[in-house]
Amino acid sequence: MTGLENYLALLERIDEICRRTSETFSDHITCHAGCDACCRHLSIFAVEAAALKKALAELPADQAELVRAKAREAHEGSPCPLLHDGLCLLYQARPIICRTHGLPLLLLREGERTIDFCPENFQGLPSIPGSAVIDLERLNMMLATINALYLQSFPGPERLTIAQALTLTD
């Protein structure tokens, strides 16, 4: 599927940052398979929806139908429709927010820059080095730009819920 190249390149960069942080702080990161309290049904950019849809098309028919059935049942505030028995059914194609969740994120709250991360992670550390912190505003700006470029070739809504992405038809 064309139009995803910029997004996939961004994913490579994000995955490298996340991998490096996870390895460096492996003793201070508690996220693991089955740790799914943060896996909520949320909205994603159209380019991320396209990546999910592509990954869904590559699943065996029975697994794809399970994903679609869960997506049809999803509603605002429910667990992510990709969540099944504590695991993500499309983990390799999960959106950026899922890839970075739990790690140190620099964000702007009420005009103040602050670092946020899962309260279960980084316990006992007096500080977190800047090299381990992802600037969420900058990341979101890159993602929004990539999404705008994607929408020039594939017009549609700017954002969709994960369930909408999984139930799109061509």
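Tutor: The structure is a predicted model. The accessible surface of the protein chain amounts to about 10000 Å², and carbon and sulfur atoms account for 54% of that surface. Of the 170 residues in the chain, 38% count as buried.

The part in question is the largest pocket, whose volume is about 960 Å³. Its lining is made up of 43 residues, and those closest to the pocket centre are Arg-94, Ile-97, Cys-98, Arg-99 and His-101. Two or more lining residues come from each of α1 (5-24), β1 (43-45), β3 (87-88), α4 (96-100) and α5 (136-153). The largest share belongs to α4, which gives five residues. By residue class, the lining of this pocket divides into 26 nonpolar, nine polar and eight charged residues.

Read from the N terminus, their order is α-β-α-α-β-β-α-β-β-β-α-β-α. The radius of gyration of the protein chain is 16 Å, close to the 15 Å that the globule rule gives for 170 residues, so the chain is as compact as a globular protein of that length. The C-alpha trace spans about 50 × 35 × 30 Å along its principal axes. Among contacts between residues at least 6 apart in sequence, 76% join residues at least 24 apart.

Two residues illustrate such contacts in detail. Leaving out residues up to four places away in sequence, Thr-21 touches Ile-29, Leu-103, Pro-104, Phe-122 and Ala-132.

The second residue, Leu-105, lies in strand β4, which covers residues 105-109. Leu-105 also counts as buried, at 12% relative accessibility. Beyond its neighbours within four places in sequence, Leu-105 is in contact with Thr-100, Thr-114, Ile-115, Asp-116, Val-133, Ile-134 and Leu-136. Leu-105 and Leu-139 are separated by 34 residues in sequence, while their C-alpha atoms are 10.0 Å apart in space.

Technical notes:
Residues are numbered from 1 along each chain as its sequence is written. This is a predicted model: local features need pLDDT of at least 70, side-chain atom pairs count only at pLDDT 80 or more; totals for chains, interfaces and linings use all residues. Side-chain values use heavy atoms; hydrogens and water are left out. On a 1 Å grid over the protein atoms alone, a cavity is a set of points where a 1.4 Å probe fits but cannot get out, and a pocket is an open set with protein on both sides within 12 Å along at least five of seven lines; lining residues have an atom within 4 Å of a point. Grid points are joined across faces, edges and corners, and a volume is the space filled by probe spheres set on the points. Helices (H or I, at least four residues) and strands (E, at least two) are DSSP runs, numbered from the N terminus. Ala, Val, Leu, Ile, Met, Phe, Trp, Tyr, Cys and Pro count as nonpolar, Asp, Glu, Lys and Arg as charged, and the others, Gly among them, as polar. The radius of gyration is taken over C-alpha atoms; the globule rule is 2.2 Å times the number of residues to the power 0.38. Buried means under 20% relative accessible area, exposed over 50%, partly exposed in between (1.4 Å probe, protein chains only). Contact means heavy atoms within 4.5 Å. Accessible areas come from the Shrake-Rupley method with a 1.4 Å probe; for residues, only the protein chains shown count as cover.
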